[in-house]
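Here is a quick tour for someone meeting this protein for the first time. Take a look at the model, then read on.

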Amino acid sequence: MNFYESARFQYAAARLLVKLTQFRDRGRFTQKITDGVNFDIELTAHSEGSFNINIENTEPTTEKKPFMNAELGDILAFLGERLVEKIDQDALTEAQNPGQDVHPIRSSGGTVSTKRLDELTREYVKSGDLNTALPAPIEDMVKRRAAELYRERRLNAKKAEIMKIDKESAQKLISMSAPLLKEMSVPLRRSATSLQVLPNETAQTQPILFLDQKLAQSIETAIVDDYTDIILGNITQFNKDNGWGKVKIENNTKILSFNIPSDILPVIKQKLIDKMKVDQVYLEGYFVRDRGGEAIRLMVIGIRHTPK
């Protein structure tokens, strides 16, 4: 069945049944369905466990050469690197044992070191199983970190094809995809605890995207600018492995987290490290804003020449 047509049916059926339920209970129905008037009509699983929606990635038409020789999962990985916030150093505390490279990651459910997080992620990637004794928030961190690694691998494997996405096309993709990703995260408001997107051609432990409720909430309230800006700032922190960092902007009066997509990171990593030796650097990127329009983080896609 065509996925789009099926989804349109499900959306229309859901709106119809909610409005009929409203009418049955109140003798009237609302034009717009919001959280306050969304009566609980539950979707029942065929068996106990997660809901799986399996779609088939149809091959490009053979009538002409496709623009990209890539799977849909590769393009999703490209967008995920830009729209999904990575695990950042704000979640880290100072080392419990000074002089050792052990930084605890704190969550509401427990504490695990960055070293241990990497170990757990490698174990999960290798075996597909998680230690069930781990607190749920830390399990989510492992799955989220695994998704970051898988996106990086896919983009590296398809580097030549991904490079066909120029700046203008990337802007259009981001503008189109950001609101749709928000819609995809709606079930995480209360119905679901996590959402994963996995390619059909790989094992079930290779997610392209992983969202938990907290991350989905940040996506729902975030607005990605349609166009890039050139920002003059002072880089104060930078993790060369995952592309996360912090930058002071607006005459050092505001500090923002930033991240660099993994497909861009190798190209500008050394240049950014060199620029940390000076006070100011021009970054090109997209602001991610809250609903009030205030910038909350920066997605960096390039470094511009800093005038002397």
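## Salt bridges

A salt bridge here is a side-chain nitrogen of Lys or Arg within 4 Å of a carboxyl oxygen of Asp or Glu. Side chains of opposite charge can pair when their charged atoms come close. Search the whole structure and you get 14 salt bridges.

Before going further, a word on what you're looking at: this is a predicted model, where local features need pLDDT of at least 70, side-chain atom pairs count only at pLDDT 80 or more, and totals for chains, interfaces and linings use all residues. Residues are numbered from 1 along each chain as its sequence is written, and side-chain values use heavy atoms, leaving out hydrogens and water.

## Two more pairs

Arg 82 forms a salt bridge with Asp 263, and their closest N and O atoms are 2.7 Å apart. This pair links distant parts of the chain, 181 residues apart: Arg 82 is in helix H2 (residues 72-83), while Asp 263 is in the loop between strand S8 (254-259) and helix H8 (265-275). Helices (H or I, at least four residues) and strands (E, at least two) are DSSP runs, numbered from the N terminus. Arg 82 is buried, at 4% relative accessible area, and Asp 263 is partly exposed, at 23%. Buried means under 20% relative accessible area, exposed over 50%, and partly exposed in between (1.4 Å probe, protein chains only).

Lys 164 pairs up with Glu 161 in another salt bridge, with the closest N and O atoms 2.9 Å apart. Lys 164 is partly exposed at 33% relative accessibility, whereas Glu 161 is buried at 15%.

## Around Glu 284

Which residue forms a salt bridge with Glu 284? That's Arg 304, with the closest N and O atoms 3.2 Å apart. Arg 304 lies in strand S10 (residues 295-304) and Glu 284 in strand S9 (residues 281-289), so the pair ties together parts that are 20 residues apart in sequence. Glu 284 is buried, with a relative accessible area of 8%, and Arg 304 is partly exposed at 38%.

Glu 284 has another partner: its side chain makes a polar contact with the side chain of Thr 228, at 3.3 Å. (A polar contact is a pair of N or O atoms within 3.5 Å; within protein, one must be able to donate a hydrogen and the other to accept it, and residues adjacent in sequence count only if both atoms are side-chain atoms.) You'll find Thr 228 in the loop between strand S5 (223-224) and strand S6 (229-238), and it is buried at 17% relative accessibility. Leaving aside residues up to four places away in sequence, Thr 228 touches Lys 167, Gln 171, Glu 284, Gly 285, Tyr 286 and Ile 301, where contact means heavy atoms within 4.5 Å.

## A loop with positive phi

Now for the loop between strand S7 (244-249) and S8, where Glu 250 sits. Phi of Glu 250 is near 55°, a positive value in a residue other than glycine. Asn 252 lies in the loop between S7 and S8 too, and has a positive phi of about 65° although it is not a glycine. Asn 252 is partly exposed, with a relative accessible area of 40%.
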